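I opened this notebook to record what I looked up in the structure shown below.

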Amino acid sequence: MGGASLWVMAGHKPEEYKGVAKFFTFLSNPDLQAWYHQVSGYLPITHAAYELTKQQASTRKTPGPTSPPTSPSAR
């Protein structure tokens, strides 16, 4: 598996969690996710970002995965 994950730990002040929520909202923005997918090849984390990528036809410019690969035994 990849290493692109975020964790939120317990034991912080409520205002810190509000900041975390704002940051996660920023990260899940469809425009940002579509851009990140297009430049990195990582799968977008929202359906809206996936649809935006298709709409922009960026898969022709930067071919990359649009769905997880399957193992030979799963075929």
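The entries that follow go from the whole chain to single residues.

**Basis.** I worked from a predicted model, in which local features need pLDDT of at least 70 and side-chain atom pairs count only at pLDDT 80 or more, while totals for chains, interfaces and linings use all residues. Residues are numbered from 1 along each chain as its sequence is written, and side-chain values use heavy atoms, with hydrogens and water left out.

**Confidence.** I looked up pLDDT, the predictor's confidence in each residue on a scale from 0 to 100. The protein averages 79, and 69% of the residues score at least 70.

**Elements.** I found four helices and zero strands, in the order α-α-α-α from the N terminus. Helices (H or I, at least four residues) and strands (E, at least two) are DSSP runs, numbered from the N terminus.

**Surface.** I took buried as under 20% relative accessible area, exposed as over 50% and partly exposed as in between (1.4 Å probe, protein chains only). Of the 75 residues, 13% count as buried. The accessible surface, by the Shrake-Rupley method with a 1.4 Å probe, comes to about 6,200 Å², and 62% of that belongs to carbon and sulfur atoms.

**Helix α2.** Which residues of helix α2 (residues 30-40) are buried? I listed Q33, A34, H37 and Q38. They lie on the same side of α2, because they cover an arc of only 130° around the axis; the arc is that of the directions from the helix axis to the C-beta atoms. D31 and V39, on the other side of α2, are exposed. I then checked the ends of the helix. N29 caps the N-terminal end, with a side-chain oxygen 2.8 Å from the backbone nitrogen of D31. Just after α2, G41 takes a positive phi of about 90°.

**Salt bridge.** I searched for a side-chain nitrogen of Lys or Arg within 4 Å of a carboxyl oxygen of Asp or Glu. The count comes to one salt bridge. K54 forms it with E51, and the closest N and O atoms are 3.6 Å apart. K54 and E51 are three residues apart in helix α3 (residues 47-56), so about one helical turn separates them. K54 is partly exposed at 44% relative accessibility, and E51 is partly exposed with a relative accessible area of 31%.

Note on methods
Polar contact = N/O pair within 3.5 Å; in protein donor to acceptor, adjacent residues only side chain to side chain.
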